Structures are given as C-alpha cells and as structure tokens.
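Good morning. I will take a few minutes to walk through one model, beginning with a term we need and then going through the parts in turn.

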Amino acid sequence: MSESKDAAAKSLPLFYHEPEAVNPERHAGKAVVQSGDMSFAANAIVIPLMAAEMPAAMRSYPIVFSGPDFMPVAILGIKQGENLFVDNYGKWAEPHYIPAYVRRYPFILAGDDNAERLTLCVDKPRLVEASAEKDETAKPLFDNGEKTEIIDSALSFCEQYQGMYRKTREIMNVIAGTDLLVERNSKITLGDGKSFNISGFHLIDEARLQSMEDDAFLALRKADALATIYCHLASMNSWTSLLHQASLRA
C-alpha cells in the first residue's frame, strides 16, 4: 500500500475502511446486513461517547476524556485490541449500554462540519448483494431506484448523532477552558495478578471542581457542562464493571 493510502486509512474514523456516498446508481442491488453482529467493534478498547449518552453509559464503563479536543470516550478494554464487551460471536454483553457510535455503523455523515448539508455514506466492505431470495437480515438500500426505509432511518440517526456531537464539542470547549482536566494513568490488576497500564487520558479533578469560584461554576451550569462532569465522576465506579468483564473473559 502506498504512503498516501496509509495516511488516508489512518485519518478515517474508527471502524470505517472505505466510506462512499450513498447513491441509487452505485448501490442498486446492494444491501446492508443487520444481523446484530458487532464483531467489527471487537478490537476497540475505547469508543467515542456523546454527552447525551453519558447518563446511560456511566453505569457500564469508565468514561474519560481523550485527544486534543478532550472528547469523552468509554473504556471497554485493558489490553490493546480487546473489547471486553463483545464476545466471539459478535454479541454485545448484556445489559450494558451500546454506544451510539457503534449503532451508527456502517453509516456516517461526511463533509465539512460547517456545511449546511452533509452526505450520507456507507462503509463499502459492509455491503452485500441484495439476494433474490428473502433474507430478513439483508436490507436493500434501494428498491427500483427509490430509497428504502433503511436509508431514511440511517439518515435520521446520523443527523441526530451529528447534533449530539456538536453539542458535546461545545461542552468540552467550555470544560477545557478551565483547569479541571488533569492527565492520569491507571494500573489495572486482575485476579490472576496480571497488571495492565492505561495511560494518555484526562479526568476531572474533583478537588478543583469543589474549590471553583462561584462565577466559574455558574458558567459551567449555563453551558450544560455539569451533567457531563458529574456523569464522568460517577463512571469512575464502573472500573469494577471493566474488571468483572475481564474476569469473565479470563
């Protein structure tokens, strides 16, 4: 593979390999299999979370902040390449919350965030030929040139996700403007004595939060940032959930 292709692959969002704009000519006779198989996420130890998801996700996963924009991510594994919440059959562990980022795949909106209209894309490797025989899991994208319900559903979900993403960016911009975020490393020790280090993420310093000036705290409330902060802090109790999944895997 050429260097340019390597760079393009690295710049693609997690899970996506070859997203292409949904088109009635290109995708005539193509379908997406909706079997509930989430094996595509089996190697992801962290997955992006939106602020609106955090109240549900905090019960299952530790939530930390990562990257230059300090976006929330759920920690789903302790060893590189192992998502502890997806089994060998591609089934997500119950009753744990499935992040919207996972449920959105293989669709995604592409384009400049400032554009008035983004383009619905689908990851090409996830497409199959629409079978002449009835297959309840294979959902055709088009029927006689007309889009099917799956496209309307995917577009609606992706637009909702995009709105959550923008709101999360706004919230994190406000939080990043404070001195609340601190870099931390964690050492996880399993029951068999094996230890793993998780590093390169940021947490909210609770002591700094408690000592904030009133006007700075009020600014967080006005920015709808307090729910994000408190859900993150509450999610620290979910390290035990992660350890439990690791013990089950072992």
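Two strands count as paired here if DSSP finds at least two bridges between them. With that in hand, take valine 33: its bridge partner in S9 is alanine 138. Please keep in mind that this is a predicted model.

First, the overall count. The protein chain has 8 helices and 13 strands. Of its 250 residues, 42% are buried. Looking at contacts between residues at least 6 apart in sequence, 72% of them join residues at least 24 apart.

Now back to the sheet that holds S9. It is an open sheet of 3 strands, in the order S8-S2-S9, with antiparallel pairing. S8 and S9 stand at the edges with a single partner strand each, so one side of each has no neighbour in the sheet. On average, neighbouring strands of this sheet are turned by 45° against each other, direction ignored.

On one side, S2 is joined to strand S8, residues 127-129, by 3 bridges. Within that pairing, lysine 30 has glutamate 129 in S8 as its bridge partner. On the other pairing, S2 and strand S9, residues 138-140, run antiparallel over 3 bridges.

One of the positions to look at is alanine 21, which stands opposite cysteine 121 in S7.

Next, the pockets. Rolling a probe the size of a water molecule over the atoms shows where empty space is left.

The largest pocket holds about 570 Å³ of space. It is lined by 25 residues, and those nearest its centre are Pro13, Pro48, Tyr101, Arg104 and Tyr165. Which elements supply at least two residues each to this lining? They are strand S3 (46-48), strand S5 (71-75), helix H3 (100-104), S6 and H4. By type, the lining divides into 18 nonpolar, 4 polar and 3 charged residues.

The second largest pocket has a volume of about 430 Å³. It is lined by 20 residues, with Val33, Gln34, Arg103, Tyr105 and Pro106 the closest to its centre. Here strand S2 (30-33), H3 and H4 each supply at least two residues of the lining. H4 gives the most, with 5 residues. The lining of this second largest pocket is made up of 12 nonpolar, 4 polar and 4 charged residues.

One of those residues leads on to the backbone. The peptide bond from tyrosine 105 to proline 106 is cis, with omega near 15°. Proline 106 sits in the loop between H3 and S6. Another cis peptide bond joins glutamate 94 and proline 95, where omega is about 5°. Proline 95 is placed in the loop between S5 and H3.

Phenylalanine 70 is not a glycine, yet its phi is positive, near 55°. Its place is the loop between strand S4 (63-66) and S5. Aspartate 224 is in the loop between helix H6 (214-222) and H7, and its relative accessible area of 45% makes it partly exposed.

In H7, 7 of the 10 residues are buried, so the helix is largely enclosed by the rest of the structure. Those buried residues are Leu226, Thr228, Ile229, Cys231, His232, Leu233 and Ser235.

That is where I will stop.

Key:
Residues numbered from 1 in each chain as written. Predicted model: local features only at pLDDT ≥ 70, side-chain atom pairs only at ≥ 80, totals over all residues. Heavy atoms only, no water. Helix = DSSP H or I, 4+ residues; strand = E, 2+ residues; numbered from the N terminus. Buried < 20%, exposed > 50% of the residue type's maximum accessible area, 1.4 Å probe, protein only. 1 Å grid on protein atoms, 1.4 Å probe; cavity = no way out; pocket = protein on both sides within 12 Å on 5 of 7 lines; lining within 4 Å. Points joined across faces, edges and corners; volume = space filled by probe spheres on them. Nonpolar A, V, L, I, M, F, W, Y, C, P; charged D, E, K, R; others polar. Contact = heavy atoms within 4.5 Å. Axes fitted to C-alpha atoms, helices over the stretch in contact; angles between N-to-C directions.
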